[in-house]
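Hello,

Here is the structure I said I would pass on. My notes on it follow below.

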Number of protein chains: 2
Amino acid sequence: MTVTVPPERVFTALADGTRRDLLVLVADRPSSSASALARALPVSRQAIVKHLTVLSDAGLVSSEKTGREMCFRVRPEQLTATAAWMNSLAAAWDARLQELKARAEHPE
Amino acid sequence: MTVTVPPERVFTALADGTRRDLLVLVADRPSSSASALARALPVSRQAIVKHLTVLSDAGLVSSEKTGREMCFRVRPEQLTATAAWMNSLAAAWDARLQELKARAEHPE
DNA sequence: AGTGACTGCAATCGCGCAGTTGCACACGAG
DNA sequence: CTCGTGTGCAACTGCGCGATTGCAGTCACT
């Protein structure tokens, strides 16, 4: 079930300020429609929809159709997955740096 | 020591593809100059410099002047710091979701 | 049935950013 | 000293993206 989204998607989604605000807003009020979110933010509804599409592609929110409305909910899993990816990358870099440092101090 | 850089900086830095490539390149070859990196990537030196500035603002690389050249090195700490930030945010959202779910099933 | 509200698609505009080019300066090597 | 190489600053361009507007479709509610 763990839909592995490329981390770049998550970064691009999280890079935009309006998207981060939107994400917090969705986290506060789950199952909120696009129009409802548009009323809470100083942007048009279409802008909200576009941002929600990006967030959905990044796996950060999930959309669910209840009746006539599209309800959105936050999805923390992708956040933790990307965090784990970052941690492993940082660990790899750190290991390489340590190795270089050791080699510099004790050359062969 | 933990230079707390706003997470948005890190996200914007990591969102660009060229910047990610550059980051990997710097991680591979520590203490590499801007011109050396420009030769390894299909972009001009100035573009590299701009990207390195962004990465430096995000705390992902550190610059050090050795003689005439500016040498760059990766800096994994900021990566782990941002990962921790993401984890805490995900935990907060998850807690809220759990609470809502519990309230829905056992409505007081 | 008719009205109001929410949605989706398409065209358009404006701005910010990636990337380039050119030039002046600094420093190391010959 | 001179030449080559690396750097920094500034202006310019092209394009992608955020945002808006307009229109048509659909569903709930009275």
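In this predicted model, DNA strand D is surrounded by 19 residues, and the closest are Val43(A), Ser44(A) and Gln46(A) from chain A with Ser33(B) and Ser35(B) from chain B. Helix 4 of chain A gives the most, with 4 residues. Divided by class, the surface near DNA strand D holds 8 polar, 6 charged and 5 nonpolar residues.

Helix 4 of chain A also packs inside its own chain. Its axis and that of helix 2 (residues 17-28) of chain A come within 10 Å and cross at roughly 80 degrees. That angle makes the two helices roughly perpendicular. On the helix 2 side the contact is made by Thr18(A), Arg19(A), Leu22(A) and Leu23(A), and on the helix 4 side by Ile48(A), His51(A), Val54(A) and Leu55(A). These residues divide into 5 nonpolar, 2 polar and 1 charged.

Next, the contact between the two protein chains. Chain A puts 22 residues into it and chain B 21. On the side of chain B that touches chain A, the elements giving two or more residues are helix 1, helix 2 (17-28) and helix 5 (76-105) of chain B. Helix 5 of chain B supplies the largest share of that side, 13 residues. By class, the side of chain B that touches chain A has 14 nonpolar, 5 polar and 2 charged residues.

One helix pair across the two chains can be described in more detail. Helix 1 (residues 7-15) of chain A packs against helix 1 (residues 7-15) of chain B at an angle of about 130 degrees, and their axes are 8 Å apart. Because of that angle, helix 1 of chain A counts as oblique to helix 1 of chain B. The crossing of these two helices is left-handed. Chain A contributes Phe11(A), Thr12(A), Leu14(A) and Ala15(A) to this contact, and chain B contributes Phe11(B), Thr12(B), Leu14(B) and Ala15(B). The contact of helix 1 of chain A with helix 1 of chain B has 6 nonpolar and 2 polar residues, and no charged ones.

Regards

Definitions and conventions: Residues numbered from 1 in each chain as written. Chains lettered and ligands numbered in written order. Predicted model: local features only at pLDDT ≥ 70, side-chain atom pairs only at ≥ 80, totals over all residues. Axes fitted to C-alpha atoms, helices over the stretch in contact; angles between N-to-C directions. Parallel < 35°, antiparallel > 145°, perpendicular 65-115°, else oblique. Left-handed = near helix turned anticlockwise from the far one by under 90°. Contact = placed C-beta atoms within 7 Å. Nonpolar A, V, L, I, M, F, W, Y, C, P; charged D, E, K, R; others polar. Near = placed C-beta within 6 Å.
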